[in-house]
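Here is a friendly walk through one protein model and its ligand. Take a look at the structure first, and then follow the notes below it.

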Amino acid sequence: MTVSLTIQSISAHYGKTAVLQDLSLSVAAGELVSLLGSSGCGKTTTLRLVAGFLQPTSGSIKLGDRDLTTLPAHARDIGLVFQNYALFPHLTVLENVAFGLKQRGIATQERRQKAAAMLERVGLSGLGDRLPSALSGGQKQRVALARALVIEPPLLMFDEPLSNLDAKLRVDMRVEIRQLQRANGTTSLYVTHDQEEAFSISDRVAIMNAGRIMQLDTPEVLYRKPANAFVARFVGFENLLPLQVVARDGALVTAEGAGGAKITLSQDDFGPVPDDFILGCRADGLSVRHEGNGLPATLGMRTYLGRAYQYQCATPSGDLVANGALSEPLAAGSAATLVPVPEQCCILNPQR
Ligand SMILES: Nc1ncnc2c1ncn2[C@@H]1O[C@H](COP(=O)(O)OP(=O)(O)O)[C@@H](O)[C@H]1O
Ligand SMILES: [Mg+2]
């Protein structure tokens, strides 16, 4: 049975300090959603609330139509996988995996069968009699995964499960986790501070900052259409230029930055432009030209990227990074125009 997870307006405090403020989030049945953000932004706290290790000061948490908010942790039926594995050191691998089944009163024979089958699925058949101390980090994390999956929980939660593994294993394991999660169709909430990991493993990603979700979308939308300057910076937009509209003429909008850089954009190309906005893009969203309708700039250092040249550019409203064609390298000190490429640029609302 697959069910959805609905977190509705939860707030959380440690003592008097607010850690989460009015956070809402839904994970659809069978979906994998990641919480992505820097250390201290409240990812683990969100998982602890859902797991029942911490009580919210307001709001509710539902799994399907079951209200979890006041249920004790052991009654919530959630599979958990942590960074530090949290295996029982005195139990064998098989006993570790069978542990949750024993708690649920499943008979010895069936327990052993199910645990052995799950160990096979995570690629550990033959290691059931070992103690955790005789396993590598990757093997331990597979045991933790098997232990979480074997109880067939309606919800799986992962807290930085790959952070203790080396780079190559991290990539292999995230593919395996994704395949198992898809095959079982288990609704999952996954925490990481690693953007590549979040984007590669998730159906949708919630980018968090200081206890709030800044944007929740598919990786493709987050990467191409960040909703605000925070997310834009997070996904690698080098250029964030605050501008103010000074004239409108039909679809044409002329805007000026502090310091006096001026540009005219067509709303037919860029969509609606509010009076105050931030023009955001990566270097490949600003094209270095001899002339054209764009921002006047003086070129600085040029870097060869293979597919283009990249230029440091000085404008009256601040420094930008832009790409230019390989066919016409321009010298440092040249005057040029930086033309925004509509599909690669975002008109961001500075208030959000
Ligand atoms: N037990 C605790 N007591 C007090 N403050 C805590 C506790 N646990 C976490 N915090 C604080 O709450 C904030 C969010 O922590 P956490 O959810 O662990 O962040 P993340 O998992 O995103 O790194 C941080 O500022 C952290 O210092
Ligand atoms: Mg954490």
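Let's begin with a helix lying on a sheet: α4 lies across β6 and β7, and its direction makes an angle of about 170° with that of β6. Please keep in mind that this is a predicted model. The protein chain carries nine helices and 20 strands, and it is divided into two domains, domain 1 (5-232) and domain 2 (237-348).

- The strands β6 and β7 under α4 belong to an open sheet of six strands, ordered β6-β7-β8-β3-β9-β10, in which the pairing is mixed.
- β6 (78-82) and β10 (212-217) are the edge strands; each has a single partner strand, so one side of each is left without a neighbour in the sheet.
- On average, neighbouring strands of this sheet are turned by 15° against each other, direction ignored.
- Inside the sheet, β7 (residues 155-159) and β8 (residues 187-192) pair in the parallel sense, with five bridges between them.

**Helix α2 and its cover**

- Which residues of helix α2 (residues 93-103) are buried? They are V93, L94, N96, V97, A98, G100 and L101.
- Just after α2 comes G105, which takes a positive phi of about 80°.

**The four-stranded sheet**

- A second sheet to find is an open one of four strands, in the order β2-β1-β4-β5, and its pairing is antiparallel.
- Its edge strands are β2 (17-27) and β5 (66-67), each of which pairs on one side only.
- Strand β4 (residues 58-63) and β5 run antiparallel and are joined by two bridges.
- Within that pairing, K62 has D67 in β5 as its bridge partner.

**I10, a buried residue in β1**

- I10 sits in strand β1 (residues 5-14), a member of the four-stranded sheet.
- Is I10 buried or exposed? I10 has 23 other C-beta atoms within 10 Å, and because 20 or more are enough to count as buried, I10 is buried.
- Leaving out residues up to four places away in sequence, I10 touches L20, L23, L49, P56, S58, G59 and I61.
- I10 and T69 lie 59 residues apart along the chain, and their C-alpha atoms are separated by 10.0 Å.

- Ligand 1 is surrounded by Y14, V19, G37, S39, G40, C41, G42, K43, T44 and T45.
- By class, this shell holds three nonpolar, six polar and one charged residues.
- Which element gives the most to the shell? Helix α1 (residues 43-51) does, with three residues.
- α1 is mostly covered, with seven of its nine residues buried.
- The buried residues of α1 are K43, T44, T45, T46, L47, L49 and V50; among them, K43, T44 and T45 also surround ligand 1, while L49 is touched by I10.
- After α1 comes G52, and its phi is positive, near 95°.

**A hairpin further along the chain**

- Strand β17 (residues 309-315) and strand β18 (residues 318-324) pair in the antiparallel sense over seven bridges.
- The two strands are joined as a hairpin through two residues.
- Q310 has N323 in β18 as its bridge partner.

- How far apart are the centres of domain 1 and domain 2? Taken over C-alpha atoms, 42 Å separate them.
- The contact between the domains takes five residues from domain 1 and six residues from domain 2.
- On the domain 1 side, the residues touching domain 2 comprise three nonpolar, one polar and one charged.
- Taken along the principal axes, the C-alpha atoms of the protein chain fill a box of roughly 80 × 45 × 35 Å.
- Of the 352 residues of the protein chain, 39% count as buried.
- Among contacts in the protein chain with a separation of 6 or more, 65% come from residues 24 or more positions apart.

Key
Residues numbered from 1 in each chain as written. Chains lettered and ligands numbered in written order. Predicted model: local features only at pLDDT ≥ 70, side-chain atom pairs only at ≥ 80, totals over all residues. Buried ≥ 20, exposed ≤ 12 C-beta atoms within 10 Å, placed from the backbone. Contact = placed C-beta atoms within 7 Å. Domains from an automatic or database assignment. Nonpolar A, V, L, I, M, F, W, Y, C, P; charged D, E, K, R; others polar. Near = placed C-beta within 6 Å. Pairing = 2+ DSSP bridges. Axes fitted to C-alpha atoms, helices over the stretch in contact; angles between N-to-C directions.
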